[in-house]
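Let us take a walk through this structure together, beginning with a charged spot on its surface and moving on to the contacts and charge pairs inside it.

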Amino acid sequence: MASSEGFLTDEQRETLKIATQSADVLSSSPKSPTTLKSPRSLFSEHHVKAPASGKASTAGIAVRHVRRSHSGKFIRVKKDGAGGKGTWGKLLDTGGESHIDRNDPNYDSGEEPYKLVGSTVSDPLDEYKKAVVSLIEEYFSTGDVEVAASDLRELGSSEYHPYFIKRLVSMAMDRHDKEKEMASVLLSALYADVISSTQISQGFVLLLESADDLAVDILDAVDILALFIARAVVDDILPPAFVTRAKKTLPEVSKGYQVLQTAEKSYLSAPHHAELVERRWGGSTHVTVEEVKRKIADLLREYVESGDTSEACRCIRQLGVSFFHHEVVKRALVLAMEIRTAEPLILKLLKEAAEEGLISSSQMLKGFARLAESLDDLALDIPSAKALFESLVPLAISEGWLDASFLKPSVEDGEVQGKDDEKMRRYKEEVVTIIHEYFLSDDIPELIRSLEDLGAPEYNPIFLKKLITLAMDRKNREREMASVLLSALHIEIFSTEDIVNGFVLLLESAEDTALDILDASNELALFLARAVIDDVLAPLNLEDIGCRLAPNCSGSETVYMARSLIAARHAGERILRCWGGGTGWAVEDAKDKIAKLLEEYETGGVVSEACQCIRDIGMPFFNHEVVKKALVMAMEKKNDRMLDLLQECFGEGLITTNQMTKGFARIKDGLDDLALDIPNAEDKFKFYVEHATAKGWLLQSFNSSLMSAAASS
């Protein structure tokens with residue numbers, strides 16, 4: 001048994017416990033004023049002796065709690081038993097000095113401490129704003145409304161469109177009048193098709209709210225923004241009530257309130273305010289063909305004088321009309337024929353422009369082809385024009401800047417050439433003369449007689465193509481006259497199929513037409529939309545035309561644009577005045593006058609006075625409207641007195657058989673709609689047809705079509 005001297009008594013254990021606790025308190029509070037005895041002194045007081053053998057016993061609590069260094073000095077026990085200097089620390093010590101060795105075979109990447117990496121959260125609105133800035137910049141540089149609309153549609157995020165409007169207008173406000181006009185045109189084009197009316201209003205509200213900030217950077221911001229709002233009201237993309245409603249939401253001392261006051265008092269309340277507002281920034285955003293031709297002529301004359309080829313190429317590039325470079329080629333060749341000493345310079349310019357890729361091979365071919373077509377006229381001024389041209393062509397081909405395919409015969413406009421080529425060529429020459437005479441005289445009956453004298457109804461679609469192509473290359477007056485003529489021709493001698501086929505021919509050659517007419521696509525869309533508004537075409541005819549065109553071609557895009565124009569709010573009024581009113585307004589006024597004169601006659605008017613009123617309208621090609629409205633009124637009022645008026649008009653020759661038949665045909669086409677308001681409309685119509693047939697008002701073909709329709713049903 002071990003000696004009892006190596007063990008502590010109970011009293012000594014209690015004393016050691018108290019001393020250890022006191023030492024812990026001392027270590028945690030080193031500055032404590034309380035003086036405590038160290039464990040060493042406590043041990044000495046109790047005379048704890050080692051065994052007689054002179055070796056310290058390994059048993060007992062004193063050995064576990066009291067540590068000594070190799071020098072024999074006492075070491076204070078560290079709190080929580082972590083040890084002191086030169087020790088390994090406590091069990092499972094996870095101090096900051098621990099190190100993970102990636103070269104250790106037992107290395108586990110999961111033991112690596114986690115690191116939180118900060119990243120910027122992208123705001124969709126900020127991304128949208130950045131995207132639309134580049135879109136607007138591109139639109140201001142190209143002026144391509146279709147591309148801008150397509151890009152905005154592809155961008156998505158339609159809920160942010162009000163911010164697009166704010167950005168577009170604010171960027172335009174700090175630029176020239178051209179960009180301001182372009183911004184207004186783009187807003188009208190996007191309205192209803194891409195951007196809703198609510199979003200338009202929200203966008204202008206955002207602009208009004210930021211008017212104070214805009215005024216800091218733009219001196220006349222109030223007046224410019226007021227003009228934008230007035231223009232939006234005139235263009236029917238903002239309701240007139242917008243000004244009144246927006247005033248209620250803005251403080252009277254704000255710039256936004258001043259903007260609304262200026263728009264209301266200075267612009268929207270002024271006489272003829274629509275014309276004033278529309279022309280404030282110069283009207284059209286598109287460079288006219290005449291202006292481009294003038295610039296081309298000027299740069300070629302300057303080149304002949306200076307001989308600086310690089311400067312001439314730079315000027316051609318600056319024009320920014322790569323699709324119109326065929327005009328450069330044509331005018332350059334004509335100039336070389338007129339000024340014989342300038343021929344070497346002209347050929348050098350064309351060769352260098354072709355080698356640099358400035359003028360494409362297709363544009364070069366087109367320029368030569370256009371000159372070849374006009375050689376007969378050119379020979380009147382330059383007798384040797386044909387001989388000079390024949391010498392230039394092989395020279396250009398040998399030098400490699402004109403494609404050899406120019407010498408091969410081509411098929412024009414995709415029209416089938418055969419034994420009737422000569423007849424078609426003569427027809428085209430004749431109708432061009434007839435159309436020019438019409439533009440000078442505005443005599444529709446004379447034009448109709450001239451067409452009937454030609455005796456070639458199978459070429460009616462070709463006439464329509466020539467008419468609209470010539471009108472597009474002229475001013476708004478001729479475009480308006482062409483639309484009015486289409487209405488008259490549809491009534492008198494052209495069938496709906498002729499009109500449809502004519503527009504198909506036009507749209508199939510839309511890309512070629514765009515070479516000569518810068519804004520051909522928009523103009524064609526307006527002609528299509530106008531034909532629908534004037535009842536020359538039905539909306540379903542647009543679908544038929546679209547189906548007959550190649551998908552994704554320029555013509556298909558034009559048809560889509562026409563549908564968008566027709567679907568817009570107040571489409572009828574806007575399209576009728578798209579070329580400045582003129583006869584378009586007369587057609588609309590004529591409808592009102594016809595309705596009023598028939599109402600007066602129905603309430604007891606005199607037949608002779610009613611006939612005189614119809615004669616005073618002066619639109620014989622529109623008399624089918626009289627027939628249609630008279631028949632509808634007879635059905636509604638259950639008064640057959642209108643038939644007496646039609647008989648008198650027919651007897652005097654005031655309403656022709658063609659006009660009468662057209663009026664009955666329009667009633668027949670709309671019978672289903674009429675039946676909703678007039679239940680017995682179909683029975684009444686049958687009675688009127690029988691009456692008209694007995695009186696000889698209608699063409700025999702109309703009765704035949706009715707009989708075949710009845711048999712098929």
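The largest share of the negative patch, three residues, is supplied by helix 36. Helices here are DSSP runs of H or I with at least four residues, strands are runs of E with at least two, and both are numbered from the N terminus. The patch sits on the surface and gathers Glu 636, Asp 672, Asp 673, Asp 677, Glu 682 and Asp 683. Two elements give two or more residues to the negative patch: helix 36 (671-677) and helix 37 (681-695). A patch is made of residues with over 30% relative accessible area and no salt bridge, with like charges joined within 9 Å and nonpolar side chains (Val, Leu, Ile, Met, Phe, Trp, Tyr) within 5 Å. Asp and Glu count as negative and Lys and Arg as positive, while His and the chain ends are not counted. The place of a charge is taken as NZ of Lys, CZ of Arg, CG of Asp or CD of Glu.

Before going further, please note that this is a predicted model, in which local features need pLDDT of at least 70 and side-chain atom pairs count only at pLDDT 80 or more, while totals for chains, interfaces and linings use all residues. Residues are numbered from 1 along each chain as its sequence is written, and side-chain values use heavy atoms, leaving out hydrogens and water.

Now look at helix 37, where Asp 683 is found. Asp 683 counts as exposed because its relative accessible area is 54%. Leaving aside neighbours within four places in sequence, Lys 684 is in contact (heavy atoms within 4.5 Å) with Met 635 and Asp 640.

That brings us to Met 635, which belongs to helix 33 (residues 624-637). Is Met 635 buried or exposed? With a relative accessible area of 2%, Met 635 is buried. Beyond residues up to four places away in sequence, Met 635 touches Ile 667, Leu 674, Ile 678, Ala 681, Lys 684, Phe 685 and Tyr 688. The C-alpha atoms of Met 635 and Asn 680 are separated by 8.3 Å, although these residues are 45 places apart along the chain.

Let us finish with the salt bridges, of which the structure holds 22. Each is a side-chain nitrogen of Lys or Arg within 4 Å of a carboxyl oxygen of Asp or Glu. In helix 7 (residues 177-190), Asp 177 and Lys 180 lie three residues apart, about one turn of the helix. They form a salt bridge whose closest N and O atoms are 3.9 Å apart. Asp 177 is partly exposed at 39%, whereas Lys 180 is buried at 6%.

In helix 16 (residues 325-338), Arg 331 and Glu 327 are separated by about one helical turn because they are four residues apart. In their salt bridge, the closest N and O atoms are 2.6 Å apart. Arg 331 is partly exposed at 31%, and Glu 327 is buried at 2%.

Arg 340 and Glu 343 form another salt bridge, with closest N and O atoms 2.5 Å apart. Elsewhere, salt bridges that share partners join Asp 535, Glu 625, Lys 629 and Arg 666 into one network.

How values were computed
Areas by Shrake-Rupley, 256 points an atom, 1.4 Å probe, with all protein chains shown as cover. Buried < 20%, exposed > 50% of the residue type's maximum accessible area, 1.4 Å probe, protein only.
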